Amino acid sequence: MKYQVSIFNDLTEFLNEIKDRTGYDLKECYQCGKCTAGCSTCFAMDKTPNQIIRMIQLGMRKEVLESKTIWLCASCETCTTRCPREIDVAKVMNTLRLIAQSCPEEVKISSEVSDVPLMSKIFLWTVKYTGRLYDFGLIALYNNLSGNFFKDMMKGPLMFKKGKLSILPHKVKNIKAIKRIFKRAEELSE
Amino acid sequence: MKYAYYPGCALHATAIEFDKSTREVCVALDIELQEMEDWNCCGAAAAHMTNELLADSLPAKNLAIASKMGLDITSPCAICINRLKTANKEINESQEIKEKVSQVIEESYDGQVKARLLLDILATDIGIDKIKENVIKELKNLKVVSYYGCLVTRPKDVAQFDNVEDPQSMDNLMAATGAKAIDWPFKTVCCGADYGTPRTDIVLKMANDILSMAKDLGADTIAVTCPLCQMNLELRQKDVEKEYGEIYNMPILYFTEVLGLSFGIEPKALGLDKHIVDAMGLLMRKGLI
Ligand code: SF4
Ligand code: SF4
């Protein structure tokens, strides 16, 4: 009995956290499985999208935030388009990624998927310091930080020859303004 | 017809043929594109999954530039337009977000600039009749499947364009060139998005599904409007072939390249020589150049 009560407390807490952040009440999900049926990447996930929603209903916060699923969701929006309860499942997935990143002490991201947020961070560094995506810098930094030193390196010379890759970044003129956007967005999000 | 032109980062790098063909096709159709001064990256999926306020602010900075130009924005890139439209929607729906974004970008932006996908402008505003008038070389032998991917029609309330599950706009444009537009069930499936580097295995499987369906249906090429779809299907095609023991040798063309070719524009001016899988060779085999 005691056990059930503790689950019940956690249950509303996590549901409320998701509702506050997304505007969706996941109690409305009736587990039809349509989100999973159309999911682009569920072949690679450890939990299907409808299982993730069910686990949120059951208050399984840590298990959800440590699932590989949230990092393998490609934000394709198919689930959102088809959910008969009009739940924005893709937004829920993105919110879970944001929550997982905000509490690194509590949530351990599996090494099988940790390159996904790493890649995003590097992408954004290149934007912060040049104003635009800097492909060469992105791949070089990724390879160094992930330990996959030669990843995609074979494609470089061909892309270079076709004029599709430049060694130097295309910087915007007003770099300072872009850096301030990053700084303020971080400050105001806290 | 005049628009503020937002090429986006890919069109200045991996997708130069998309930039070239866009400019050429717009000249032919009397659409004036004025490239925005000092535009910045839209943040793509990376900002979206890292910081929501940043994900709205990077596009808003560009929308504010267009607002000062007194023009609406167009880009041929499905991702950029999705980010610009999403930022607009969030700014318009929440006063709090609008104020925060203005603080971040250090200027006010009222949410009134429209961002339109070039495909939408060509299919909706220019229209099939005018496209047909410009066709001087019918692409009779070319068989094309149109691939919209995720963001042309989804999310529905952001994209507000075409049929969400079975879009027709690109198919109609392809048919207008005289090419055979083949109907297929993979119009809006996902290509694996930006998992190409962090989880190559996933993208190779998804790209193989799409390429093998196109091949089974006899398509010569897949027409696209997203540089990321193009990259997963073309730049990674050799890896897909190796992993799955198939041979595709299928160039993935931007829909603007196909249009431009039918308008009689020089293939090199459209960037058709820039493909990683030989597009010029395909066109030669088809007797189109
Ligand atoms: S489609 Fe909607 S209602 Fe059905 S299982 Fe998924 S989230 Fe629940
Ligand atoms: S948005 Fe994510 S969870 Fe939803 S269908 Fe696409 S990959 Fe699956």
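Visitor: Which residues does Glu28(A) touch, leaving out those up to four places away in sequence?
Guide: Happy to start there, and please keep in mind that this is a predicted model. Glu28(A) sits in the loop between H1 and H2 of chain A. Contact here means heavy atoms within 4.5 Å. With residues up to four places away in sequence set aside, the partners of Glu28(A) are Arg85(A) and Ile87(A).

Visitor: How many residues apart in sequence are Glu28(A) and Ile87(A)?
Guide: In space, their C-alpha atoms are 8.1 Å apart. Along the chain, the separation between Glu28(A) and Ile87(A) is 59 residues.

Visitor: Is Glu28(A) buried, partly exposed or exposed?
Guide: Buried means under 20% relative accessible area and exposed means over 50%. Glu28(A) has a relative accessible area of 40%, which falls between those limits, so the class is partly exposed.

Visitor: What is the phi of Asp38(B)?
Guide: Asp38(B) lies in the loop between strand S2 (32-35) and H2 of chain B. At 23% relative accessibility, this residue counts as partly exposed. Asp38(B) is not a glycine, yet its phi is positive, at about 55°.

Visitor: Where is Thr153(B), and is it buried or exposed?
Guide: Thr153(B) is found in the loop between strand S5 (143-146) and helix H7 (156-159) of chain B. Its relative accessibility is 1%, and the limit for buried is under 20%, so Thr153(B) counts as buried.

Visitor: Which backbone oxygen does the side chain of Thr153(B) reach?
Guide: Leaving out residues up to four places away in sequence, Thr153(B) touches several residues, including Phe161(B), Pro167(B) and Thr188(B). Val164(B) is also among those it touches. At 3.0 Å, the side chain of Thr153(B) reaches the backbone oxygen of Val164(B).

Visitor: Is the peptide bond from Arg154(B) to Pro155(B) cis or trans?
Guide: Most peptide bonds are trans. Pro155(B) lies in the loop between S5 and H7 of chain B. The bond from Arg154(B) to Pro155(B) has omega near -15°, and it is cis.

Visitor: How many residues line the second largest pocket?
Guide: About 890 Å³ of space lies in this pocket. Closest to its centre are Leu133(A), Asp135(A), Leu138(A), Leu228(B) and Met231(B). Elements giving two or more residues to the lining include helix H9 (135-146) of chain A and helix H10 (227-235) of chain B. By class the lining has 31 nonpolar, seven polar and five charged residues, and the number of lining residues is 43.

Visitor: How many of the nine residues of H10(B) are buried?
Guide: Among the buried ones are Pro227(B), Leu228(B), Cys229(B) and Gln230(B). H10(B) is mostly covered, and the number of buried residues is eight.

Visitor: How far apart do the C-alpha centres of domain 1 and domain 2 of chain B lie?
Guide: The domain assignment gives domain 1 (2-118) and domain 2 (136-285). Between the C-alpha centres of these domains, the distance is 24 Å.

Terms used
Residues numbered from 1 in each chain as written. Chains lettered and ligands numbered in written order. Predicted model: local features only at pLDDT ≥ 70, side-chain atom pairs only at ≥ 80, totals over all residues. Heavy atoms only, no water. Helix = DSSP H or I, 4+ residues; strand = E, 2+ residues; numbered from the N terminus. Buried < 20%, exposed > 50% of the residue type's maximum accessible area, 1.4 Å probe, protein only. Polar contact = N/O pair within 3.5 Å; in protein donor to acceptor, adjacent residues only side chain to side chain. 1 Å grid on protein atoms, 1.4 Å probe; cavity = no way out; pocket = protein on both sides within 12 Å on 5 of 7 lines; lining within 4 Å. Points joined across faces, edges and corners; volume = space filled by probe spheres on them. Nonpolar A, V, L, I, M, F, W, Y, C, P; charged D, E, K, R; others polar. Domains from an automatic or database assignment.
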